[in-house]
Amino acid sequence: MKPKFGVVVFPGSNCDHDGYYAVKKVLNYDAEFLWHKENDLKNADVVLLPGGFSYGDYLRTGSIARFSPIMDSVIKFAQKGGVVIGICNGFQILLEAGLLPGVMIQNQSLKFVCKDIYLKRVNNNSLFTSHLEKELLKIPIAHGDGNYFADSDTLKKIEDNDQIAFKYCSSDGEESDKFNPNGSVRNIAGVLNKEKNVLGMMPHPERACDPLLSKTDGQGIFISIAESILK
Amino acid sequence: MYKATVIIKRRPNILDPQGKAVEQGAKLMGFNNVSSTRIGKYIEFFVNTDSKSEAENEVKLYSEKLLSNPIMEDFEYELDEVK
């Protein structure tokens, strides 16, 4: 049996094909696109909300996509324990939908940042991170609004409950402002919901899967998800 | 019919990188008395009803659910009857 990934396509998504390619062509899982105007998740085991600029990023990133018909089904699916991963704009949509804590604001530099960065795994027993071979992952980021913010009460809650999946760091794991590409509070790059079945992350693991690109650190995230479903 | 104007403001404890950058411009221009520049949003629309309370409800819901994100923003609105 192969786990099936449902890749949602919003108007303005531009990493939907990257996500589909990574899970289907590189990792050989099942995958199907899910059009945002439909509400059928087509028996997907995992919902992937891809990166891009849904609805032109108007108003606030992810704010309009959050009301697309498919999101009602995604929210219900997540609430029943279904696995959902939001990457970049997908992360922003999950925040707007209230499936993850916190908000996303503009990068501190006000610049769109597109480069490889290093990530440190913080939570090591979630279904998204259990099969990572390394503690430090080299994965690209590409965003203008990746500055994660949560107030101190929320931060305490997510830290106490081990909901921080990834933090930005240096190639040898140093966590500091110098290695924070966007100003995110406490270098946070990825967050889990309380129940740990929903992950949002700004870096793009799907762009670090194909060995042709000489970057494969992103594979472990999809493999972890697949293994959790096959269990 | 009513005309609604909604102003969205980012909460004081939330960083506003855009406001900060704009203020740097102000300093370069010599506006040395300017401080704490914050950028918000001004949104206007019509609400097609004759009932003021219905219009108010709709404006509030629209502002809470879509126009603002209550985690980081506050909103104010005004309603003017259009005859």
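Over three bridges, strand S10 (residues 188-192) of chain A pairs with S11(A) in the antiparallel sense. The model is a predicted one. Within this pairing, A:Leu192 lies opposite A:Leu199 in S11(A). Five residues separate S10(A) and S11(A), and the two strands form a hairpin. In the turn, A:Lys196 adopts a positive phi of about 70 degrees.

## Strand S11 and its parallel neighbour

Strand S11 (residues 198-201) of chain A also pairs with strand S4 (residues 83-87) of chain A, here in the parallel sense and over four bridges.

S11(A) is covered on both faces. A:Val198 and A:Gly200 are buried on one side, and A:Leu199 and A:Met201 are buried on the other.

## The sheet as a whole

These strands belong to an open sheet of nine strands in chain A, with mixed pairing and the order S2-S1-S3-S4-S11-S10-S9-S6-S7. At its edges are strand S2 (30-35) and strand S7 (136-143) of chain A, each of which pairs on one side only. On average, and with direction ignored, neighbouring strands of the sheet are turned by 25 degrees against each other.

Helix H2 (residues 69-79) of chain A packs on this sheet. The helix touches strand S1 (4-9), S2, strand S3 (46-49), S4 and S11 of chain A. The direction of H2 makes about 125 degrees with that of S4(A).

## Overall dimensions and packing

Chain A contains five helices and 11 strands. Its radius of gyration is 16 Å, close to the 17 Å given by the globule rule for 231 residues, so chain A is as compact as a globular protein of that length. Along the principal axes, the C-alpha atoms of chain A fill a box of roughly 45 × 40 × 35 Å.

Of the 231 residues in chain A, 56% are buried. Among the contacts in chain A with a separation of 6 or more, 78% come from residues 24 or more positions apart.

## Contact with chain B

Chain A contributes 11 residues that are in contact with nine residues of chain B. On the side of chain A that touches chain B, the residues comprise five nonpolar, four polar and two charged.

Methods
Residues are numbered from 1 along each chain as its sequence is written. Chains are lettered from A and ligands numbered from 1 in the order in which they are written. This is a predicted model: local features need pLDDT of at least 70, side-chain atom pairs count only at pLDDT 80 or more; totals for chains, interfaces and linings use all residues. Two strands pair if DSSP finds at least two bridges between them. Axes are lines fitted to C-alpha atoms, for helices over the stretch in contact, and angles run from 0 to 180 degrees between N-to-C directions. Two residues are in contact if their C-beta atoms, placed from the backbone, lie within 7 Å. Ala, Val, Leu, Ile, Met, Phe, Trp, Tyr, Cys and Pro count as nonpolar, Asp, Glu, Lys and Arg as charged, and the others, Gly among them, as polar. The radius of gyration is taken over C-alpha atoms; the globule rule is 2.2 Å times the number of residues to the power 0.38. A residue is buried if 20 or more other C-beta atoms lie within 10 Å of its own, exposed if 12 or fewer, and partly exposed in between; C-beta atoms are placed from the backbone.
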